[in-house]
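Trainee: Can we go through this one together? I'd like to start with the charged pairs.

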Amino acid sequence: MKFRFCGGGDCPDWLLMQINTLSALSIEHFQELSEAVAQSLLGNELDYTRMRDIAKEAGLDMSEIKACLSGLNFTLKSGTRHGVAADELGAELEQLGLKSRHAVRLTTIYSERREALTTAAAAGLLRIAVPQKVNATSTGQGVLLDLQARDYGGRLRQVEFTMTREQALLMLTELKTVQKKMEKLMPE
């Protein structure tokens, strides 16, 4: 079967296993996990102490809770990415075996935060390392480009490469074109 929240493809096998585990949770624990995942997608930190407490209360180990969090993360992110309506997401999750009560709670959270989730997803879509320093030096062989950027872990990375003058001019032209297109799509 094909599911819109999976991009029109099959549901991953690992998610099917998590849906079974999620359905076994009490509705309160399920809602709390769903809320925590939605908040984490909006940039808030997960409360791992509370996640451990839920694991103990539900009789699960931390690896099972982490797997549940991953399943909920995938579902909310993918539903947002593919623009799936809340009622359609709920129906698809029920087809996959999620209890109706659980599906209703998740789709309520999804619909209440859909706009914020979409905004957060768009902000992270073209996430790149933050450039710290760019140097271009003309050499006898062309242009030596030295880039320094902070990676996602905050570490400073350096990349050096040489290109011909023609390649450098082409890259500059392409970057300017992309910048203009992005400014049209995302006005300040």
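Mentor: We'll take confidence, then salt bridges. This is a predicted model, where local features need pLDDT of at least 70, side-chain atom pairs count only at pLDDT 80 or more, and totals for chains, interfaces and linings use all residues. Residues are numbered from 1 along each chain as its sequence is written, and side-chain values use heavy atoms, with hydrogens and water left out.

Trainee: What pLDDT does the protein average?

Mentor: The average is 89, and 94% of the residues score at least 70. pLDDT is the predictor's confidence in each residue, from 0 to 100.

Trainee: Where is confidence lowest, and where highest?

Mentor: Lowest in strand 1 (residues 130–139), with a mean of 85, and highest in helix 5 (residues 86–95), at 96. Helices (H or I, at least four residues) and strands (E, at least two) are DSSP runs, numbered from the N terminus.

Trainee: New topic. How many salt bridges are there in the whole structure?

Mentor: Six. A salt bridge means a side-chain nitrogen of Lys or Arg within 4 Å of a carboxyl oxygen of Asp or Glu.

Trainee: Which residue does arginine 113 meet at 2.8 Å?

Mentor: Glutamate 35. Arginine 113 sits in helix 6 (residues 100–125) and glutamate 35 in helix 2 (residues 27–41), 78 residues apart.

Trainee: Is arginine 113 buried or exposed?

Mentor: Buried, at 16% relative accessible area. Buried means under 20%, exposed over 50%, partly exposed in between (1.4 Å probe, protein chains only). Glutamate 35, at 21%, is partly exposed.

Trainee: And what about glutamate 112?

Mentor: Glutamate 112 also forms a salt bridge with arginine 113, at 3.3 Å from N to O. Glutamate 112 is exposed, at 56%.
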